Structures are given as C-alpha cells and as structure tokens.
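This briefing covers the metal sites, the helix packing and a few backbone features of one structure. The sequence and model come first, and the notes follow by topic.

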Amino acid sequence: MATAAVSPAYAHAGASEKSGVWSWLTTVDHKRIGALYLYTALAWFAIGGTEALIMRIQLQGPNGHVVSADTFNQLFTMHGTTMIFLVVMPLSAAFFNFLIPLQIGARDVAFPRLNAFSYWVYLFGSLFMNSSWLLGMAPNGGWFGYAPLTTMAYAPGLNIDFWMLGLQILGISSLAAAFNFITTIINMRAPGMNLMRMPMFTWMAFVVQFLLVLAFPVITIALVFLQFDRFFGTNFYTMTAGADPLLWQHLFWIFGHPEVYILILPAFGLVSEILPTFSSKPIFGYPVMVYSGILIAFLGFGVWAHHMFAVGMGPIADSVFSVTTMLIAIPTGVKIFNWIFTMWGGNLRFTVAMKFAISLVALFTIGGISGVMHASPPADLQQTDTYFIVAHFHYVLVAGSLMGLWGGIYYYFPKITGRKLSESIGNWHFWLTFIGVNLTFMPMHWSGLYGMPRRIYTYDAGQGWHIFNLMSSIGAYIQAVGVIIGFWNLFRSRKNGEIAGDDPWGAPTLEWSIPSPPPEYNFAVIPTVTSRYPLWDVKSPQLTAEVPHSKHGDERNDVQVGGKHVAAFHDHLSAGTPEGGINPNAKQASTKVPLKTAEQLGIPMPFPTIKPLFVALFMTFMFGSLILIHKDKTDLAITGVLVFAAAMTASLYLWLTSPLEPNHT
Amino acid sequence: MADQFTHTNADIDVHAMGEMHEHPTWKQYKWVALILTLITVGEVWLYYIPSFVASAAFVPVLLILSAAKFAIVVLFYMHLKYDHKIFRGLFTGPLIIAMATLVSLLFLFGHLSIGS
Amino acid sequence: MATAVATHAHPPTSTGLDHRKIAIWAFIGSECMLFASLISTYLIYKGRSVVGPFPHEACDPPKCATHLHAILNIPVTSVSTFVLLMSSLAMVLALAAVENRGKPGYEGIMGSSKLWLLVTAILGTTFLGFQAYEFTSFVHEGLTIRTNLFGSSFFTLTGFHGAHVTAGVLWLVTLLAIDMKRGLGPKDAILVDISALYWHFVDVVWIAIFTLVYLIH
Ligand code: HEM
Ligand SMILES: [Cu+2]
C-alpha cells in the first residue's frame, strides 16, 4: 500500500503519548479495552485450535497414539474450556466493549475503570488456568467438570484445582462486565435513543448481560462447593456422606444452558447488524427480533435438565424439560426466518462479512435442528455422549457463534482500526472455513449415530467410524489453514488495509457516523436520535421509508443527529474542514486533518490508571495461592491468601478514592 | 470513597427528573421496624407450639410470614415502593427466576412432589 | 438543542438515575441467584446426613456414637435476627439523615448520620459476634464443616451470609470515616443509598435463612 497511508487515517494531537505499553496497561477507554479483548481472545483461539488439531491428528485413524489418554483428557478439557470461556465469550466482550457505547451514542461505559478491571481479570485468569500446562497438569475433567469425578477421591492432582480456581476468577470478570454494561445500556443512551431504537446488537448484548448476571452466580456456588470439598474436606460431592451425584450436574447446567445463549446471542446480534446493511433493507420484524431474544433468554433458564436425560430423572421431569427445550426452538426459528426475510428482495452485497453472516444463518439452523432432535428424551438416550452431540454443539458454536463473530470482525475492523480487511484474502479465509467446518462437523453426526462415544482418546478399527473421523480431521486441517489466512489478513490489514472512512459499508447505525477509528471521546457532540436508522434517514431515506418506527418521517430533511447532519458534527470540528453538510462519498476528505482532542473540546475524559490492573492481579494471586494447599503448604497458602487479599483491598481503596476524571464543574 | 466512582452530573436536578420520590420518614420507619419485630416474635412463638408445628399449617404459615417480612423490608427500607420502576424490574425479575429455580430443584430432588 | 448539551459536562443519564444505583440493583439481582443456589443446596441436603449432629433432631446410639442433641439454638438466633433487623432501621435513619441534612426535623439525633452509621455497624458486628459464638459452640458440640452434609451446607450458607455482613460492616465503617473527615451531605446521599441497599438485601437474605434453616423442620 501507499506509504502515505501508513500513518493513521487520522491522528489526534495527543497520539504520541497515547501509545506504548504503559498506555495500554492503564487504559480505561472502552475501545482500547475492546481491542485488548479482541487480540487476547484471538491468541487463545490459536491455542485452543492447536489443542483441537492435536486431538484430530490422534483420531484421524484407528488406534492413534500421538498423545496418551491422560494428555487427551487434558486436551479436550482445555479445548472446551478455552473456546468457551477464553475465546467466544471474550470475543463477544470485545464487541460489547467496542460497540455498545458507540451504538447508543455514549462517550464510554458507565464505569470505565471497572471495565479495565474486567479485562485484566480475564487476562490473568486465563493465564493462570493455562499455566497448568507448564506443570503438565492441565485440567482433565471436561469443560463441565462433573463432580464427584472431580473430587479428591477421583482426581487427586492439581489439574482440577487449576480449572475450578480459573473459572472462578473468570466468572468475576464476566460479572463485573455485565453490571457495567447493564448500567451503560440503561443509563447512557443518547437523547432519543429509546429502547426500541437500539441497534439489534446492543439489544442482544443487553439480554446477554442479564444471562451472565443470573447464570454465573450458580456456577460460582457450585465451584465454591467443589473448592471446599477439595481444600477443606467438606461433603457436598461425597457420596458416602449421603451427597447426591446430581447436585453438581443440576447446578452446572442451570448455569450451562444459559451459558450457551451467552455464547450465541452476541453473534446473533452482529449478524442482525450485518444482514440489513448488506441487504440494504431494515431488519425484518425488529420488535419480534427483540422479543424473541428476550424470550430465548427467559426460557433458557427452564431447560437445563435436557443435558441430563440419561441420568433417569423420571417421566415427569423428562417430559417437562423436553417440552421447554422444544419451545425454545420457536423463538430461535423466528430469528432465522426474520434474517431470511431481511435478505429477501434486498439488494445483496456479498462481502466477506456478509458471507460469514449468511453461513451463520444456514449452519446454525443445522445445529438447532439436531438440538431439537435430542430434546426428545428417547432420541437423546441414543445420542447423548456420542459424537452426535459433538456435531450439534460445534454447529451452533463454530458454525454459529464463531462464524458470526468473524463476520463481526470483518464488518467492524474498519471502525476499530480505520482500515478494511482485505476482501480477497478474506474470501480465502471464508471459503476454507466454510468448507472446513462442514467437513469437520457434518460427519460427526454419523460417527455419533454409529455409536462413537465422546471423549475417547482412540478407537479400534472395524467399527465403521474410521472414514468419518478421517473426514473430520481433514476438515479440521482445512479450517486451520483458513484461520491462519484470517490471522494473516488481520495482521497485514492493520497497517496496509484500504482506508475505510467513516462509513465504508453504508450502514444505518450511529457508530458509523463518527470517524474510523473513533476519537477517544467518540462523539464530539452527543447525537440526538430520532429513529432506528439515523444514518439511512439522512443518506438513503428511501431505505427507511417504510419503517414505522422512523416516526419523524416528515422531519427527515432536517434530521437531528448530533445537532446537525449526521456526519457534519464531526467534520466541522476537525480544524480546517469547512463546516458543512455530509458528504457520504468523501471517504478521505477529512482524514488527514487531525481531529480535535477531548481537551480542546472541553470533554472530560477519565484518567488512565493502573489500579484496576493491580486489583485484578492481586485477586488472581489470592485465588492462585490456594493451589499450595495441595502442595502440602497450607500455611503458605493461607498467608498468600491473606497477603494478597490485603493487597487487593488496598488497591481497591486507592482506586475508589482517586478521582475518575478531571473535575469539570 | 466512591464518590468519584463515576460521573454525577451537578447540572441535573435529579429530583426534578423523578429519581427520588419522597422517602418515608422516621414515623413510618419505626412502624415498619415494629411490624418486623412483631412478625419475628410471632414466628419464634409458633415454633414453640408443638401442636402447631405438627400441623400441616406450620410450614406455609412460616413461609408466608417470612415472605411478608421480606416484602416489607424490600418495599419500605429499600424504597422499592417509591423508587423508579427500573429498580423494581432489576430486582423482581431475578428474584422470580431464583425462586422458580429453587422450587424446581426441590421438585427434582424429591423434596416436593405433585399430588401426595 | 444538541449543541446546547455541548461539551463541558457529561450528558444527563437516560433515566435521570445515578449509574451506581442501577449497578447495585443489578448486583442485588445477581445475588438472588447466588443465595438461591446456596439455600437450594441446604434444603436438598436436609435430612440426608448419615451421621449427626442434626439441626432439629437429637441423635442417639446406635446411629450416633454418643447422644447428640439437636444443634440449632433458636433463642440465640432469634436475638441475632432481631439485631440484624434493627440494624436495618438504623441504616434507613442514617440515609434519611444524610439526605435531609439541614432540613427541619433533622436536627440533633435524627440528623446525626455518624450516629446511625455507627449504630448500624455496631449492630452488624454484634450479629457477627453471635455468629462467631454459634459457630464455635457448634464445633464444640461436634459439628464442623466436614462432619456431615448438614455441617457442610449449613456453614457454607451461613458463612457466605456472614461474609456479606462483614463486607457490609467494612463499607459502613468507610462511610463513617468519610463522614467524620468531611461530613456527608445530600449530594453524597447516593453513597449511603447504595450501601443501604446492599445492607438491607443482606438483611432480607437472613430473613429467608432464619425461616428456612432455623425455624422450619
Ligand atoms: C435450538 C436450540 C437448541 C436446542 C434445542 C439444544 C438442545 C440441546 C440438548 C438437548 C443438548 C444435550 C444433549 C446431550 O448431551 O445428550 C445440547 C447439548 C449442547 N448444546 Fe444445545 N441446543 C440448542 C442450541 C444450542 C446453542 C445455541 C448452543 C451454543 C451456542 C448449544 C450448545 C450446546 C452444547 C455446548 C452442548 C453440549 C454440552 C455438553 O454436554 O458438553 N446448543 N443441546
Ligand atoms: Cu442446553
């Protein structure tokens, strides 16, 4: 690319002092924190993917012996745990962070420092859990960690300790972030941004925060019981003391099922942004999309025992949970149809983002259908604990969540960095992923139905599984190539991608009205919102002519977004740009001109601070110290817990007593 | 301590925007405290009447009494009766899910059953 | 118009409410699930311990090696329950004193937020004292967190509650320190308000625990 373009698309005056490691360690800017989440999650994605590849190499043919049974257990446990807690959730969090304030017209989240804290807890928690690899003692009890199998009697090593403490730490990160985003969405919407004007992504994010807030306490408690059992000898999961082997399973799945919606709804939200833009049509049935999201979340708390049909809960419980599970497929199906109708008759543009989004719609449906299949207990008894289930959840999680998230990355990368990802490399990325995903997971339906159990580390020849496993492994290798190409695209486009401009896709929502990347204050003037599609109202009014919710149809010629025309309120603030109307085609008109800084505009910005990082660090050490109990260093463990608890509390006090931002009154 | 935790906006008159409707005063608070005390005394008293404990009414009555105390504290001391409806939603939604989960678990573990 | 909202201050919140109050209610909602999980477990395991002591029944040989009487001490716990209820009263008075600082009717004792914060903290500490007494006497009677399912679930549930009370007392003491240092006025009411919400919530959890764990059998 042209060297001139190497300098950032726009540079605000303080740019130099805002880079460097220290600025990242102390940042409280939601956009930078979003970027941290994004890159950290992608790094874990590489690691979790490698774990998967090793398993696929092992299972490629019968009697594979690349790794031992125990290593294999560690691999599938860490693969699942990593992909769920360290990849899909944080990737979603990256978008929550980056997008929610931009979509609702806010300058940051409600609690910027808490936001930084959430990220650091995530980072340290993930490092802590993975540090177990260095000891050769990675968790090996499955991502669901069924007690009593994870109690001391059956799992005496440190493996499970790392798992349960790691999850506990990560839970704190998710909870803190959830309170933050709930407050942000309720309380920081720009004037006129009422709930039914919120972009779909923000809506789904909102719903997810409630799922987090309600699901995570339950696993927290289940994990506390496990910790007490393992560290202090309590009896929660001790069968000889009269404990119930189903207690863990119930608590885990009360968390676990809402968790699967935590994993999918953000991707649904992203797809609901991408499809309308590239179909040049408003989303079909906006209110229904909102309500079905809420309904999915609500019903999601009443289906958990469908993971437990095989334990023999009895006909009543089986029937109830079977029915609720089938019910939940209805709002899910509604969403699928709404997406299809959004594209129906639209002016479709097949960008890479759009392709990823469409494949979510198509492939998630396959996962949804297999889900409804095992919603029926008699069918599930055949399928449970076989590769059929593995096929199901990879269709929803990889072909669903991850495809949606990749779509989101292609769609929002220009907003995040100011540059587009390469479409031609992206096409390779997409098609290899698409082919790889289907080649990997489709045959698993068959290996499952032919009886191949989950979690086996090797298998004998002559069971009819070989061919399917070979296909799955080849598919996995293809996926790996696709992902590597995707990473390459990210890497090169950060510096060399095509300059994006404010609104490269012709999108309708607020985040596209500001520069890419946005200035630290996001909106120089807080916009006033009069419709669901503020940018289309101005730039392409014909697209929203039939949207009933664009109530101010007749005022449209003078839509108030930020007091002026949509893009104007930024352009006229850049020194040297003539004040004036919007110029949707002028992609680079103002990009060379530095934007005004927050200081020049008199916008109070929160101080950077290192304190949240320290609180997170000490908290991780506090939990981590408990590991020493099983090294027979109980005294040291207790000392560690106390010392780090004190250090954490002290940093917390320092944090809370230092001002957030310069006093502006 | 936490007063710089986030932005408060001096320019806005929160009262005008309806955040705080008048909270109750000492007069109401002391009645609330009295009622709470009386209910507690009642509960403990019932606990010491063996014939009542043996009767089928014991558990439901105690549950109702404690639910009443719970509601009174939440409505008056936590001002849910007076405050913004968002708070009501943020509390009752989760509370309903929590209680439904608790009751379902008791069914699933056979501590409650339909019929018998 | 929008330009008038201009740049200098933060824009008003969408609801006119303070961020922190929304966050604390969301937190309280989350805590409902936390305690529901704990209480569910206690109730699920009720009556399933294979060895004594038991909460409401005595245990005699041969089931237990020696005679063990029913362990819960209702009179003591009734008193501590009352103490916690009264701490909630003191807490609302502290909030009223801060909110109405300087208004008629809030001179003297009713207006002394320091006094009421202190009383709340003392009552909370008293509650914790009762709990410490209860726990140690149980241990002397042979019930530890490892003894049986009842011990595990009981100590964990009430211990979690006690930890919440402890955090609340620390919070109150912090507020008290601020009040001593610079005084709390109506514009600080939000600080007291959110701590009060937390405190009352911990109180209502105890209301549930008292009935479900101590009284019903
Ligand atoms: C149409 C909606 C869905 C239905 C009816 C459904 C149904 C089910 C059922 C009945 C099981 C248990 C199978 C068994 O273990 O025997 C299951 C497992 C699973 N589902 Fe779904 N599901 C749906 C959507 C999703 C979504 C959206 C996700 C995640 C994004 C998901 C992730 C999973 C996972 C991870 C498992 C396996 C858990 C494990 O045993 O490790 N499901 N699903
Ligand atoms: Cu499920």
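Donors of a metal are here taken as N, O and S atoms within 2.8 Å of it, and since water is not among the atoms, sites may look incomplete. The model is predicted. In it, the iron atom of ligand 1 and the copper ion (ligand 2) are separated by 4.5 Å. The iron atom has A:His392 as its only protein donor, while the copper ion is held by donors from A:His257, A:His306 and A:His307.

**Iron atom and ligand 1**

- The NE2 atom of A:His392 lies 2.1 Å from the iron atom of ligand 1 and is its only protein donor.
- A:His392 has its place in helix α12 of chain A.
- The side chain of A:His392 also has an N or O atom 2.9 Å from a nitrogen atom of ligand 1.
- Two or more residues of the shell around ligand 1 come from each of α7 (246–279), α10 (352–373) and α12 (387–417) of chain A.
- With five residues, α12(A) gives the most to this shell.
- The shell around ligand 1 has 22 residues, of which A:Trp143, A:Asp380, A:Thr384, A:His392 and A:Arg454 come nearest.
- By class, the shell residues are 12 nonpolar, eight polar and two charged.
- An oxygen atom of ligand 1 is 2.5 Å from a polar side-chain atom of A:Asp380.
- For A:Thr384, a polar side-chain atom lies 2.7 Å from an oxygen atom of ligand 1.

**Copper ion (ligand 2)**

- The protein donors of the copper ion are ND1 of A:His257, NE2 of A:His306 and NE2 of A:His307, at 1.9 to 2.1 Å.
- Along the chain, the donors follow the spacing H-x48-H-H.
- A:His257 lies in helix α7 of chain A and A:His306 in the loop between α8 (286–299) and α9 (315–343) of chain A, so this pair ties together parts that are 49 residues apart in sequence.

**Helix packing in chain A**

- Helix α2 (residues 30–59) of chain A and α12(A) have axes that come within 14 Å and cross at roughly 150 degrees.
- Angles over 145 degrees count as roughly antiparallel, and α2(A) and α12(A) are therefore roughly antiparallel to each other.
- The crossing in which α2(A) passes α12(A) is left-handed.
- α2(A) also packs with helix α3 (residues 69–104) of chain A, at an angle of about 155 degrees and with the axes 7 Å apart.
- That angle makes α2(A) roughly antiparallel to α3(A).
- The crossing of α2(A) and α3(A) is left-handed.
- The contact of α2(A) with α3(A) involves 25 nonpolar, eight polar and two charged residues.

- Helix α4 (residues 85–108) of chain B packs with helix α2 (residues 19–44) of chain C at an angle of about 10 degrees, and their axes are 9 Å apart.
- Angles under 35 degrees count as roughly parallel, so α4(B) is roughly parallel to α2(C).
- Residues in the contact of α4(B) with α2(C) divide into 20 nonpolar, three polar and one charged.

**Backbone features**

- Most residues other than glycine have a negative phi, and most peptide bonds are trans.
- A cis peptide bond joins A:Ser516 to A:Pro517, with omega near -10 degrees.
- A:Pro517 is in the loop between α14 (466–496) and α15 (534–539) of chain A.
- A:Asn522, which is not a glycine, has a positive phi of about 65 degrees.
- The loop between α14 and α15 of chain A contains A:Asn522.
- In chain C, the peptide bond from C:Gly52 to C:Pro53 is cis, with omega near -5 degrees.
- C:Pro53 lies in the loop between α2 and α3 (74–99) of chain C.

Notes. Residues are numbered from 1 along each chain as its sequence is written. Chains are lettered from A and ligands numbered from 1 in the order in which they are written. This is a predicted model: local features need pLDDT of at least 70, side-chain atom pairs count only at pLDDT 80 or more; totals for chains, interfaces and linings use all residues. Side-chain values use heavy atoms; hydrogens and water are left out. A residue is near a molecule or strand if one of its heavy atoms lies within 4 Å of it. A polar contact is a pair of N or O atoms within 3.5 Å; within protein, one must be able to donate a hydrogen and the other to accept it, and residues adjacent in sequence count only if both atoms are side-chain atoms. Helices (H or I, at least four residues) and strands (E, at least two) are DSSP runs, numbered from the N terminus. Ala, Val, Leu, Ile, Met, Phe, Trp, Tyr, Cys and Pro count as nonpolar, Asp, Glu, Lys and Arg as charged, and the others, Gly among them, as polar. Donors are N, O and S atoms within 2.8 Å of the metal (3.2 Å for Na, K and Ca); water is not among the atoms, so sites may look incomplete. Axes are lines fitted to C-alpha atoms, for helices over the stretch in contact, and angles run from 0 to 180 degrees between N-to-C directions. Angles under 35 degrees count as roughly parallel, over 145 as roughly antiparallel, 65 to 115 as roughly perpendicular and the rest as oblique. A crossing is left-handed if the near helix is turned anticlockwise from the far one by less than a right angle, and right-handed if clockwise.
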